[in-house]
Amino acid sequence: DLAVARVPFYRDLLPGSPSVRNADELAQLPLTERAALASATLEDRRATPVSTGTLVKRTSGSSGRYLVVERSPRAAWWQGILELRRNHARGLRPWERTVAIRVDPDVRLRHGLLGWAATRASVLDAADDPAVLAAAVRRASPAAVRPRVVGTGGQMLSDADRQAIEAAWHRPALDLYGAVEVGTIAWQCPAADLYHVDHDSVLVEVLDDRGRPCAPGEAGEVV
């Protein structure tokens with residue numbers, strides 16, 4: 001009801017839709033496709049006017065089209081809380097040095113994978129796909145930097161990339177699954193190879209090709 005009342009995009013998408021009172025009734029609503037969101041203007045997707053401190057983010061465009069997303073200061077604060085919880089579960093303290101290796105097709109690898117060792121926190125831009133990046137990690141000397149926690153995210157982590165990362169750093173690769181539109185969805189901790197879902201932030205469903213919930217153990221599409 002709130003989305004229909006405040007957001008023109010949902011008002012047009014859900015005319016006459018029933019009120020949703022609990023999670024079980026979400027199946028009555030149609031799925032929202034990214035292409036439909038990308039076709040709508042930012043103004044039509046807003047629930048409130050833009051406030052000071054709003055973050056503007058953009059999807060990678062891997063689906064063939066970019067989607068611009070605005071995140072309010074309150075939403076950004078909540079994502080920060082989720083990150084603190086995730087890092088705590090992984091044994092990562094807020095004051096510890098962190099390094100992000102970011103794959104960006106528009107930026108070339110300039111300074112080598114170990115050029116950031118002396119900084120407290122930095123981002124390294126690397127070109128090419130994850131397989132090439134994994135090969136670069138293999139060539140790096142693990143003796144120069146000994147991370148306690150190694151996290152991955154952004155693209156699907158293949159078995160080959162996971163093995164390369166773990167062989168280079170002698171630490172399990174803890175993956176993160178998320179989307180720019182909603183933030184973090186699920187993540188791994190050192191206890192197991194499964195994923196913790198951020199249930200207090202998102203509602204995750206796995207549906208079959210008919211749009212019905214999959215039974216435990218069945219493969220389907222995450223929505």
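pLDDT is the predictor's confidence in each residue, on a scale from 0 to 100. The views below show a predicted model.

**Figure 1. Overview of the predicted protein.** The secondary structure comes to seven helices and ten strands. Of the 223 residues, 24% count as buried. The protein exposes about 15,000 Å², and carbon and sulfur atoms supply 54% of that area. Among contacts with a separation of 6 or more, 41% join residues 24 or more positions apart.

**Figure 2. Confidence along the chain.** The mean pLDDT of the protein is 78, and 76% of its residues reach 70 or more. Confidence is highest in strand β8 (residues 196-197), with a mean of 94, and lowest in strand β4 (residues 121-126), with a mean of 46. The pLDDT is below 50 over residues 105-125. Where pLDDT is low, predicted coordinates should not be read in detail.

Figure 3. Helix α5 spans residues 73-90 and contains Arg 86. Arg 86 is buried but has no salt bridge. The nearest side chain of opposite charge belongs to Glu 83, 4.4 Å away. Leaving aside residues up to four places away in sequence, Arg 86 touches Leu 176, Thr 184 and Trp 187.

**Figure 4. The salt bridge between Glu 70 and Arg 46.** A search of the whole structure finds nine salt bridges. In one of them, Glu 70 pairs with Arg 46, and the closest N and O atoms are 2.7 Å apart. This pair links distant parts of the chain: Glu 70 is in strand β2 (residues 68-71), while Arg 46 is in the loop between α4 (42-45) and β1 (55-58). The two residues are 24 residues apart. Glu 70 has a relative accessible area of 25% and is partly exposed. Arg 46, at 23% relative accessibility, also counts as partly exposed.

**Figure 5. The salt bridge between Arg 162 and Glu 166 in helix α7.** The side chains of Arg 162 and Glu 166 meet in a salt bridge with an N to O distance of 3.8 Å. Both residues lie in helix α7 (residues 159-169). Their spacing of four residues is about one turn of the helix. Glu 166 is partly exposed, at 27% relative accessibility.

Figure 6. Asp 208 and Arg 212 pair through their side chains in a salt bridge of 3.3 Å, N to O. Arg 212 counts as partly exposed at 44% relative accessibility. Elsewhere, salt bridges with shared partners join Glu 43, Arg 46 and Glu 70 into one network.

**Figure 7. A nonpolar surface patch that includes Tyr 195.** Tyr 177, Tyr 195, Val 204, Val 206 and Val 222 make a nonpolar surface patch of about 370 Å². Within this group, Tyr 195 lies in the loop between β7 (183-187) and β8. Tyr 195 has a relative accessible area of 37% and is partly exposed.

Definitions and conventions
Residues are numbered from 1 along each chain as its sequence is written. This is a predicted model: local features need pLDDT of at least 70, side-chain atom pairs count only at pLDDT 80 or more; totals for chains, interfaces and linings use all residues. Side-chain values use heavy atoms; hydrogens and water are left out. Buried means under 20% relative accessible area, exposed over 50%, partly exposed in between (1.4 Å probe, protein chains only). Lys and Arg count as positive and Asp and Glu as negative; His and the chain ends are not counted. A salt bridge is a side-chain nitrogen of Lys or Arg within 4 Å of a carboxyl oxygen of Asp or Glu. Contact means heavy atoms within 4.5 Å. Patches are made of residues with over 30% relative accessible area and no salt bridge: like charges are joined within 9 Å, nonpolar side chains (Val, Leu, Ile, Met, Phe, Trp, Tyr) within 5 Å. Accessible areas come from the Shrake-Rupley method with a 1.4 Å probe; for residues, only the protein chains shown count as cover.
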